[in-house]
Amino acid sequence: MSLKELFKKKDETEAEAVTPASEETAPKDTTSEKKPEEDEITCPKCKQIFPKKTVKDNLYVCPACGYHFVISAERRVRKLVDDGNFKLLKCKVAFANPLENPDYEDKIHALQEKTGLDEAVLTCVGKIEGNEAVIAVMSSKFLMGSMGIAVGEKVTNAFEYADRKKLPIIIFTASGGARMQEGILSLMQMAKTSAAVERFSKHGGLYISVLTHPTTGGVTASFATLGDITLAEPEALIGFAGPRVIEQTIGQKLPEGFQRSEFMEEHGFVDQVVPREKMRETLAQILRLHAKRGK
Ligand SMILES: [Zn+2]
């Protein structure tokens, strides 16, 4: 798919709010809530209503409380790289339907049409403040960013490309986990991508993992948590199983903020929580330090 095609997709659906898991079960006071107009959006955290354009111009972050809305994969890349320029990596993966699910292919085609992506991850090369890097961004809008054969292959291909070109790699993860529609073959992608990270790492490559909301399941249990440096967006849900599943399993109440970025940072799982507006300069700084070391 050409970049033109990729970008002609509309922004309207972009600022979709993802309710933090902790709020999903909170009782809603619908009586006092003002309904937003068509060109407006309500922040799920502070409940204030803003014009969609205001939120869009602020990198899809609430201007009042800093709530991070979901941002589409291509927009995230465009905002990250110099002058919005990047080159998609070529990696054709044939459609596979190992469980012969009758609706699966139509579903994928509909999502390709809707999101402008060929799969749940976009892989490209671009420069951040002049530092070239391979960048992969997962899309939670494409079957919950689930990892199937195509995602596993595209991520592996990105690592192999970065290895060949001696470039660092940055991956923004967002995933509900393994793709159930592809059965055990989706679980095998965990081993495949982890092995790709290992080879890349052995050759001295720098891998920066950026965890965004939500990063869960098989992606957490593979490449998302294998970075040399692990960053996270504020208040992102990061975990293997969801908090409710864990509570039901162990029969205990979990501590507040469990599986959120800030909790993960406090407990050493995340190196730094970086707000979206600081992401570009933070990544540029890390890339610069790495480039100097390599010389
Ligand atoms: Zn807000």
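**Exercise 1. Determine which geometry the site of the zinc ion has, and which atoms coordinate the ion.**

Solution. Begin with the angles: among the four donor atoms of the zinc ion they run from 104 to 115°, and the site is tetrahedral, a label given to four donors if all angles lie between 85 and 135 degrees. For four tetrahedral donors the ideal angle at a metal is 109.5 degrees. Next, identify the donors, which are N, O and S atoms within 2.8 Å of the metal (3.2 Å for Na, K and Ca), with water not among the atoms, so that sites may look incomplete. Here they are the SG atoms of C43, C46, C62 and C65, at 2.2 to 2.3 Å from the zinc ion. Finally, read them along the chain, where they follow the spacing C-x2-C-x15-C-x2-C. Within this set, C46 and C65 link distant parts of the chain, being 19 residues apart: C46 sits in the loop between β1 (40-42) and β2 (49-51), and C65 in the loop between α3 (52-57) and α4 (73-80). Helices (H or I, at least four residues) and strands (E, at least two) are DSSP runs, numbered from the N terminus.

The structure is a predicted model, in which local features need pLDDT of at least 70 and side-chain atom pairs count only at pLDDT 80 or more, while totals for chains, interfaces and linings use all residues. Residues are numbered from 1 along each chain as its sequence is written, and side-chain values use heavy atoms, with hydrogens and water left out.

**Exercise 2. State how many disulfides a search of the whole structure finds, and whether C124 is buried or exposed.**

Solution. A disulfide is a pair of cysteine sulfur atoms within 2.5 Å, and the search of the whole structure finds zero of them. For accessibility, buried means under 20% relative accessible area, exposed over 50%, and partly exposed in between (1.4 Å probe, protein chains only). C124, with a relative accessible area of 0%, is therefore buried. C65, at 26%, is partly exposed, and C46, also at 26%, is partly exposed.

**Exercise 3. Find what the backbone shows at K47, Y60 and P214.**

Solution. Take K47 first: its phi is near 65°, a positive value in a residue other than glycine. K47 lies in the loop between β1 and β2 and is partly exposed at 45% relative accessibility. Y60 likewise has a positive phi, near 60°, but its place is the loop between α3 and α4, and Y60 is buried at 2%. Last, the peptide bond from H213 to P214 is cis, with omega near -15°, and P214 belongs to strand β7 (residues 207-215).

Technical notes: Tetrahedral: all angles 85-135°; square planar, octahedral: opposite > 155°, others 65-115°.
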